[in-house]
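Let's take a walk through this structure together, one neighbourhood at a time. Keep the viewer open and follow along as you read.

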2 protein chains.
Amino acid sequence: MIKTPYLLFLGDAPDQLAAKVAIGIKDWRPENAVGQFRMDGCKADLGLTDMSLVEAREAGAKTLVIGVANRGGVISKEWKKVLVMALEEGFDLASGLHNLLREEPDLVAVAEATGRELHDVRIPEVEYPIANGKTRTGKRVLAVGTDCSVGKMYTALCMDAEMRKRGMKSSFRATGQTGILITGDGVPLDAVIADFMAGSVEYLTPDNDADHWDHIEGQGSLFHVSYSGVTMALIHGGQPDALVLAHEPTRTHMRGLPEYDLPSLQALRDMALPLAKVANPGCQVIGVSVNTQNMGEDEAKAYLAQVEADMGLPATDPFRFGAAKLVDALAAV
Amino acid sequence: MIKTPYLLFLGDAPDQLAAKVAIGIKDWRPENAVGQFRMDGCKADLGLTDMSLVEAREAGAKTLVIGVANRGGVISKEWKKVLVMALEEGFDLASGLHNLLREEPDLVAVAEATGRELHDVRIPEVEYPIANGKTRTGKRVLAVGTDCSVGKMYTALCMDAEMRKRGMKSSFRATGQTGILITGDGVPLDAVIADFMAGSVEYLTPDNDADHWDHIEGQGSLFHVSYSGVTMALIHGGQPDALVLAHEPTRTHMRGLPEYDLPSLQALRDMALPLAKVANPGCQVIGVSVNTQNMGEDEAKAYLAQVEADMGLPATDPFRFGAAKLVDALAAV
């Protein structure tokens, strides 16, 4: 569990895109984002107050989150200076970088000396159990995609936000590094040992109030041969009551697999639902989430209408047009 | 890669069953089993020549394989004496124990000093790639089970042995610790990091002659919620040309999951085949392997006949009645 709220470290980001993680935190958990820390030459700007370490600490920030990709996969000397000072000022550090904080001996030494914590969210910090398959109380929804990176995380975050707006009991359950940094907690599922994948998802989504919804962040795709095992573990470990089908209509082949076509939404439904019913016989497919970012507004709306007609399910782009239709369908489960 | 042939260490095994791994090696790769090493009080006997370390070395043995479960999960002082002497005599050590050889500082020190290798087959020794899904040459067959522990490894070993007997090109590809010790090579799939599971199976079953068959050792079950992700990675990483359905008819519930019923063979076929076709559109279900160890001979034969009629597929218990029917079906693929 990463202590919130955060000071978002943007470093010397070459452009706005490099600060994707920080943008996610600011968009989805603005209450966690006390301010931003920018170094000389930083080209990203979240529109948050620029703060020094001392100012951020006085404003209540507990953790400095590296919200930016590093160049060349190394933590530069310039970054290191700020990170060491942050530890000395009393901040924990959190990072989703491939270059782990814990592999930097100076950071480890200063963290030990100052009693601060280093969180590398790419690496599990918990010994997860083997899944036991026991039925849990509360409700769970999982987005499954025709491909990787079609908007499953955003779908879950949008549904969670809509439920909170309506006063419903709702949690976003992160299974990837960006999601973990956004919420401060979760399971880095792609880094979990095979035998414990489903157990880690059970651990992430425990018993809850009967009217509480867990929005489990999806990963991979049953049709993506590189990562389908991770998707399978989410379906069985998550024992979802509801599935949302996620799709990006302009994709011409599976991500990173030029020889593989995307499946249809019908094929996805027919593959995922019987598998989900193994763990939860009452599971239903409740709607379709389409990532329309590469379509004009009219084109997107026409496409969604066609999907609704073809599938007999509510369809929306929850980030563009809101998640109300999906939450209406979940509320009816 | 573990150096063969082996001296099989039976230690102070309390009974024959404790030497399960050694029995597997002797049954399936007798050419790898130069002799057995038994300590005082050993109640297991493989019928191999009892050898001292010096005798075994002179007979050509390269690795001392711990073919027996240890008591209480610890490597005892008595065992340790033998293991250290074996390193000093020039043997590598190989083990599938939970208590890792590499976690014993004295074994590590002696292995370093003598230049010998310690193989803990529960732990991956390779950095596997992410799966790329590219079509590979050669043929592959995978057994998928209605449950865990229904005989998938024995099915693969039996088909491999039958093919070798016929002079066909054939390899058993181990994905579990017993299989790895039997053959000296393989992937400990349940210990691989989630993102690399399918890639490790691609690595294990590379391009081969067009008429060569890989018999990939199956793991878990698509219907076993604890381990289904591992099964999924085998189906997509292995891109099998043929599936064999594996079943144990007297099982009353899924192993370790008392609330879960076993699926029918039809349900297994209908779940596994569409998933397999994602990676290999030509994949076929070619037969059924039934573990009849808990049935009388007449009962077993009647059951197999019924399965053949119901499924329209050849069915056998390959360990009891031979794998000829399955290999005939594979040869026709």
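The buried residues of helix 5 of chain B are B:Lys152, B:Met153, B:Thr155, B:Ala156, B:Leu157, B:Cys158, B:Met159, B:Asp160, B:Glu162 and B:Met163. Here, buried means under 20% relative accessible area, exposed means over 50%, and partly exposed is what falls in between, with a 1.4 Å probe and protein chains only. Helices (H or I, at least four residues) and strands (E, at least two) are DSSP runs, numbered from the N terminus. Helix 5 of chain B is thus a mostly covered element, with 10 of its 14 residues buried. The helix runs over residues 152-165 and reaches 20 Å from its first C-alpha to its last, close to the 20 Å expected at 1.5 Å a residue; that expected span is 1.5 Å times one less than the number of residues. Just after helix 5 of chain B, look for B:Gly167, which takes a positive phi of about 80°.

Before going further, a word on what you are looking at: this is a predicted model, in which local features need pLDDT of at least 70 and side-chain atom pairs count only at pLDDT 80 or more, while totals for chains, interfaces and linings use all residues. Residues are numbered from 1 along each chain as its sequence is written, chains are lettered from A and ligands numbered from 1 in the order in which they are written, and side-chain values use heavy atoms, with hydrogens and water left out.

B:Ser149 sits in the loop between strand 6 (139-145) and helix 5 of chain B, and has a positive phi of about 55° although it is not a glycine. With 44% relative accessibility, B:Ser149 counts as partly exposed. Now turn to chain A, where A:Ser149 lies in the loop between strand 6 and helix 5 (152-165). A:Ser149 also has a positive phi of about 55° without being a glycine, and its relative accessibility of 42% makes it partly exposed.

Next, step into strand 6 of chain A (residues 139-145), where you will find A:Leu142. How accessible is A:Leu142? A:Leu142 is buried, with a relative accessible area of 1%. Leaving aside neighbours within four places in sequence, its contacts (heavy atoms within 4.5 Å) include A:Ile216, A:Leu234, A:Pro240 and A:Val244. For a sense of scale, the C-alpha atoms of A:Leu142 and A:Gly229 are separated by 15 Å, and these residues are 87 apart along the chain.

Strand 8 of chain A (residues 212-216) holds A:His215, which counts as buried at 0% relative accessibility. The side chain of A:His215 makes a polar contact with that of A:Ser170 at 3.0 Å. A polar contact is a pair of N or O atoms within 3.5 Å; within protein, one must be able to donate a hydrogen and the other to accept it, and residues adjacent in sequence count only if both atoms are side-chain atoms. Not counting residues up to four places away in sequence, A:His215 touches several others, among them A:Ala156, A:Met159, A:Asp160 and A:Met163.

The contact takes 35 residues from chain A and 35 residues from chain B. The area buried between chain A and chain B is about 2,800 Å², with carbon and sulfur atoms giving 62%; buried area is the accessible area (1.4 Å probe) that two parts lose on being put together, summed over both. In chain A, the residues losing the most area to chain B are A:Asp195, A:Val225 and A:Val278, together 17% of what that side buries.

Two salt bridges are counted between chain A and chain B, a salt bridge being a side-chain nitrogen of Lys or Arg within 4 Å of a carboxyl oxygen of Asp or Glu. The side chains of A:Lys134 and B:Glu259 meet in a salt bridge at 3.7 Å, N to O. On the side of chain A that touches chain B, the largest share, six residues, comes from helix 8 of chain A.
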